[in-house]
Amino acid sequence: MAAVKGNTGATPQAWPGSPEVAACLGGRGPRFREQARLKALMVDRDTEAWQRDPTFSGLQRVGGVDVSFVNGDSDRACASLVVLSYPELKVVYEDSHMVRLKAPYVSGFLAFREVPFLVELVQRLQEKEPGFMPQVLLVDGNGVLHQRGFGVACHLGVLTDLPCIGVAKKLLQVDGLENNSLHKEKIVLLQAGGDTFPLMGNSGTVLGMALKSHDHSTNPLYVSVGHRISLEVAVRLTHHCCRFRIPEPIRQHVWTGPVGAALSQRLSQRPSTATLRRLVLVPRSPIRTDPRAWLCQADIRSRDYIRRTLGHPGSPAQRQERSQKEQRPKICPKDGPGAPAHQGRPPEDHGRDSITDLKDPQPGFQEQQKDQQLERTEHHEDSDL
């Protein structure tokens, strides 16, 4: 899934001479025509009263959608929808389910592969709990910042008729936009949360904004219009939804309950001890690595605890050794009470304490760790957003 790099000579409106369009018209004509038809219905201005209020008065619910893939399986994914109260940013509704993506991947047409499942989630919410329908959706992907100016956020917005914002974690390199030294210099100039700079392509069109979403974040977010919202409002609202680098409506997909519930069906295959040790030492997103990684969020203190939790008894010799250890009286370290807490443990158990046992050096420390880990694990290639 190679990114489109350098100056493609494209604008969000047309690309008649592009080899990619020629290929599309030859073998992917229906998708190209459908995308053009939907794009004609897209609205890139504010349409709601709350959007015109500086404090977003009247906005009560913000939603976030995401399709995340299980590592090593490009067809199985978890489609999820989360709705949060605003401005409290508390989860009020969540839904997710495992899906099998049948449509083939075609660069620039990712929406045809993923959006149908997101539309289904929105429709299910409308049927089950219409009072929780979001007034705006934040989409983990791009809007008009796209090869043809119609990314996933635009596609979903038109089909659901909801205001949508594209929020990408990596720059999609189209219309001459490049993640080069000049771009990186602009990033360095972003000093505080809320600072931005425009993403202007060779066509002279501002396709989006690079946003420093948090005072302590290193990499910006790339915000673009999806549907029924202006770029200025989209950027401000995205920033207001950020407690950390990733906006809460999107961040909640990885760290809250629905993901674990949707993946619980995959827990029948027991992980190896090596996998479990890695998961304890390096907590990762439950979707982007092994689906059992959610165990890292529990109170896991050792491999023995993991074996007991998952029903792994170990070898007879290991069971006998554990039994003998349990019968031994507890004694202080030989150097006295002031010795390090891990002294006297087997070397393999040093540092095996639960991540939940570590005292936070400052409020939100664990959340920042999770957010930093999320920054390092992307589930889309550049050209897919």
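User: Are phenylalanine 109 and phenylalanine 112 buried or exposed?

Analyst: This is a predicted model, in which local features need pLDDT of at least 70 and side-chain atom pairs count only at pLDDT 80 or more, while totals for chains, interfaces and linings use all residues. Residues are numbered from 1 along each chain as its sequence is written, and side-chain values use heavy atoms, with hydrogens and water left out. Buried means under 20% relative accessible area, exposed over 50% and partly exposed in between, with a 1.4 Å probe and protein chains only. By that rule, phenylalanine 109 and phenylalanine 112 are both buried.

User: How many aromatic pairs are there, and which residues does the cluster of ring pairs link?

Analyst: Rings of Phe, Tyr and Trp (its six-membered ring) pair if their centres lie within 6.5 Å; planes under 30 degrees apart count as stacked, over 60 as edge-to-face and the rest as tilted. The count comes to four aromatic pairs. Phenylalanine 109 and phenylalanine 112 form a tilted one, with 6.1 Å from centre to centre and 45° between the planes. The cluster linked by ring pairs consists of Trp50, Phe56 and Tyr86.

User: How are helix 3 and helix 4 oriented to each other?

Analyst: Helices (H or I, at least four residues) and strands (E, at least two) are DSSP runs, numbered from the N terminus. Helix 3 (residues 111–128) and helix 4 (residues 152–160) pack at about 40°, their axes 10 Å apart; axes are lines fitted to C-alpha atoms, for helices over the stretch in contact, and angles run from 0 to 180 degrees between N-to-C directions. Angles under 35 degrees count as roughly parallel, over 145 as roughly antiparallel, 65 to 115 as roughly perpendicular and the rest as oblique. The two helices, helix 3 and helix 4, are therefore oblique.

User: Which residues of helix 4 meet helix 3?

Analyst: Contact means heavy atoms within 4.5 Å. From helix 3 come Ala111, Phe112, Val115, Leu118, Val119 and Val122, and they meet Val152, His155, Leu156, Leu159 and Thr160 in helix 4.

User: With which residues is leucine 118 in contact, leaving aside its neighbours within four places in sequence?

Analyst: Leucine 118 is part of helix 3 and, at 2% relative accessibility, counts as buried. Between leucine 118 and aspartate 66 there are 7.7 Å in space, C-alpha to C-alpha, although they are 52 residues apart in sequence. With neighbours within four places set aside, the contacts of leucine 118 are Val65, Asp66, Val67, Ala79, Ser80 and Leu156.

User: Why is helix 4 described as largely enclosed by the rest of the structure?

Analyst: The cover over its buried residues includes helix 2 (29–39), strand 1 (61–69), helix 3, strand 4 (136–140), strand 5 (164–168) and strand 8 (221–227). Helix 4 is largely enclosed because the buried residues number eight of the nine. They are Val152, Ala153, Cys154, His155, Leu156, Gly157, Val158 and Thr160.

User: Where does proline 87 lie, and what kind of peptide bond joins tyrosine 86 and proline 87?

Analyst: Proline 87 lies in the loop between strand 2 (76–85) and strand 3 (91–100). With omega at about 10°, the bond joining tyrosine 86 and proline 87 is cis.

User: What is the relative accessible area of leucine 89?

Analyst: Leucine 89 belongs to the loop between strand 2 and strand 3. Its phi is positive, near 60°, in a residue other than glycine. Leucine 89 is buried, and its relative accessible area is 5%.
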